[in-house]
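Trainee: Could you walk me through this model, one topic at a time? I would like to see how each answer is reached.

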Amino acid sequence: MRMDTVIMGGGLSGLSCGIALAKRGKRVAIVASGQSTMLFNGGSMELLGHIDGKAVSNPLEAIATLPQDHPYSKIGADRIASLAERAKLLLTDSGINMEGNAAANHWRITPMGVAKPAWLTLNDHLRIDDLHHLPAKRLALMCIRGFFDEPNSMLAQGLRDLGFEVDAIEFTTDDITALRRSPSEMRSTSLSKRMMSNAAMQRMADQINQLATDADLVLLPSVLGQNDDSDFQTLQAMTHKPLRLVATLPPAVAGMRMMKQLRHYFKMLGGTYLMGDSAVSGTFDGNRLTSVSTAKLADMPLKADHFVLATGSFISRGLVADYERVYEPVLGVDVDADSDPDRWTRFGILEPQAYSRFGVATDGELRCLKQGQVIENLHAIGSVLSGHDAVKMGDGTGVSMLTALAVNDHIIKG
Amino acid sequence: MAERMQICNLSENNFEQCTKCSICTTVCPVAAVTTDYPGPKQAGPDGERYRLKDPAYYDKALKLCLNCKRCEIACPSGVHIADIIQHARMSASEGRRATLRDTLLANTDLLGTMANLVAPVANTTLGLKPTKWVMHSMMAIDKHRTFPAYSRQKFTTWFKRHAAKDQDAFPNHVSYFHGCYVNYNFPKLGQDLVKLMNAVGYGVHLLDKEQCCGVALIANGLYKQAKRQGRVNIDSIRASVSRDKREVITTSSSCTFNMRDEYPSMLGIDNADVRDSISLATRFIYRLVDEEKIKLIFKQNYKRRLAYHTACHMQRMGWQLYSIELLRMIPGLDLVELEQECCGISGTYGFKKENYERSQAIGSILFKSIEEAQVEAVTTDCETCKWQIEMSTGLPVENPISVLADALDVEATRKANLISD
């Protein structure tokens, strides 16, 4: 089967690149081995959150100071602003409504109640533009009885530490109680399926209206809207107070929603999404990759002019570590990784870890290398790239989307 | 040494690869509609740890699993979640007899053979209120269900009388595993396949011996019988492949998935030497077109708007793109690809009284999306999805092979492939 471009990996970077190419009329296939780590996303995108442990307030300025091996530096710091604008537009086109500014981070609130810098946040989720001017004085934090995915007391304490007055109000409805029969199912994604009917939403709204009378703003765990934000709008219309959702532990409804919307948009543009299949090997002809074989298509490999490696980091198996080395398992392209396993990790899980910066090696155009040779038609994007650290720098989602669009430009240019 | 340690640490169904991320639970169609089912993570890898300690930890709720495999498709760590659940069910059922209802539902070919003999009577009787009442209350087959109509003439009878003698004259050859549905309920699909294959120069042949693939037997716990029938099928397929040099094609995604993947993993039948020679017809035909070995010419004035539904087992095989790409070759066919959702029937599952409501609740998302697609018909590679969608949406459902055969300009195609009359 012949395509214009084959993308290995169906997460945020793969889909962003696929959408951009399909929009330009290209025939694109995405090979997606299972759901992606976007299902852990609580509703925000980050461009750059921290440098050396310090919060970044203007990502565009800070990006200009990054080292040469950071993916943003390879794209070119001067291009970040326009790529960020295009990324936001791509999300809007997919039906994902987010707000934010690449030149000024706002704050998102983690389920543990910590404020972290963010670039874009879903409109129906809590966003704080300025910690000195909070969007409300008194919060009603609605705590679902028996709910697994929100450590309520930590969240409430975190919000108080930021200066909010917080009433933590426990509540339940018949729909929620019914779900408690199966203790393992008191999770946000299960609740979001239960809450899809207007009747269930009304029962929830009744509780909120009755219990949260003193608040300026009502916070509800993000258990609404796994398809789009219409469920939130419905509940808001039924509720007397302004309402915002607050991130839960993963798997998260917000991430699930964004993935569904991106996938739907990609397919609408005529893209082929091979769900549950994975790229297993490639055939090279000199400095070019000519085809990629997948587990399911077996002896009918996918041929294309261009290939994009978007297989993610260790958790998605885009990178694999054994006792001796770190490698890229599909095509065997070169990786930037320390050769001494003793230096991969350091004691203390919250310490910066060397392995989080490991990834595939690329040239200035984000093309992969194999035994030191540039593969002309193979680009890498997203978490599989070396030189960035999603955990410590808060640059994961930004790198995914911006490298995807930069590579789209390289491919379109030919 | 290091590598050896890793190998020794892996179990057959790799449940220790589970990172407890719970992503599987977010796509489970059963857990979405009932709290009686603990969800794939709990039922699969989590429960397996307990069951390995003591089989008494087996949870009866595991029978609610549809075996749709959506959890396996979603799993980012490649854990065979549904296989773990099926194996647990299998070991828990050892020594227990299946109920009459389950045996009846499972034996699609026995039921078919009997019903074909008296098709008009069977169709009427199975549709009558008193019969439905008896089935509903005595046998726990839900009264809302109508058994798919039985054909008067089996596909194999038609084939032997009207088609068999012409097949040797073609330059190329395939064997056709028609399955129970084509044989007993809907011979037209088999006839469409013969029409299509003949038009591109392929003679179609039956296998030496074909028995029901056993997908329903496995679902209903009749593993021994499934294994017996599976061996007969694989022996016949082997004869076709090695003796006659004929690949084996099918028109049912579930039969195909069962014979390729469940035979070795569930029934311990070794099919490694012939697995690659068992293919869904759409994949087989797509390959021929892609390699420019055949040409398909379609009618000029053809105009239809259809929605394609990816059956769960089709997605597990990862082959929906062949059916979709072939359908997209038809000029004048406006094809809507539906978001993959489970229709809820899962073979015989939805026929059972205790599952009816759940089955319809599971399918409701799909039915809504079909309604919104505003199409004249739906196309899918699975026959039980067909019954479920037809009953629940009122729209006709066709196999992609029938759609292709209908849109095909047979004369022009024969000419283009240099087939003389």
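Mentor: Let us begin with a term: a residue is buried if 20 or more other C-beta atoms lie within 10 Å of its own, exposed if 12 or fewer, and partly exposed in between, with C-beta atoms placed from the backbone. This is a predicted model, where local features need pLDDT of at least 70, side-chain atom pairs count only at pLDDT 80 or more, and totals for chains, interfaces and linings use all residues. Residues are numbered from 1 along each chain as its sequence is written, while chains are lettered from A and ligands numbered from 1 in the order in which they are written.

Trainee: What radius of gyration does chain A have?

Mentor: The radius is taken over C-alpha atoms, and the globule rule is 2.2 Å times the number of residues to the power 0.38. For 414 residues, a compact globule would come near 22 Å, and chain A agrees with that. The C-alpha trace of chain A spans about 70 × 40 × 40 Å along its principal axes. The radius of gyration of chain A is 22 Å.

Trainee: How many helices and strands does chain A have?

Mentor: Helices (H or I, at least four residues) and strands (E, at least two) are DSSP runs, numbered from the N terminus. Chain B comes to 22 helices and eight strands. For chain A, the answer is twelve helices and 23 strands.

Trainee: Is helix α12 of chain A largely enclosed or exposed, and why?

Mentor: Helix α12 of chain A covers residues 396–413 and reaches 26 Å from its first C-alpha to its last. That is close to the 26 Å expected at 1.5 Å a residue, where the expected span is 1.5 Å times one less than the number of residues. G414(A) follows α12(A) and has a positive phi, near 95°. Because 14 of its 18 residues are buried, α12(A) is largely enclosed by the rest of the structure.

Trainee: Which residues have the most contacts inside the largest nonpolar core?

Mentor: A nonpolar core is a set of buried Ala, Val, Leu, Ile, Met, Phe, Trp, Tyr and Cys residues joined through C-beta atoms within 7 Å. Two residues are in contact if their C-beta atoms, placed from the backbone, lie within 7 Å. Leaving out residues up to four places away in sequence, L309(A) touches several residues, including M8(A), L331(A) and V360(A). The largest core has 238 residues, and those with the most contacts inside it are V6(A), M8(A), L141(A), L309(A) and L402(A).

Trainee: Which helix gives the most to the side of domain 1 of chain A that touches domain 2 of chain A?

Mentor: Domain bounds come from an automatic or database assignment, which gives chain A domain 1 (2–101 + 257–413) and domain 2 (126–246). Their C-alpha centres lie 33 Å apart, and eight residues of domain 1 of chain A contact seven of domain 2 of chain A. With three residues, the top contributor is helix α10 (residues 253–268) of chain A.

Trainee: How do the residues of the side of chain B that touches chain A divide?

Mentor: Here, 28 residues of chain B are in contact with 32 residues of chain A. Ala, Val, Leu, Ile, Met, Phe, Trp, Tyr, Cys and Pro count as nonpolar, Asp, Glu, Lys and Arg as charged, and the others, Gly among them, as polar. The side of chain B divides into 13 nonpolar, nine polar and six charged.
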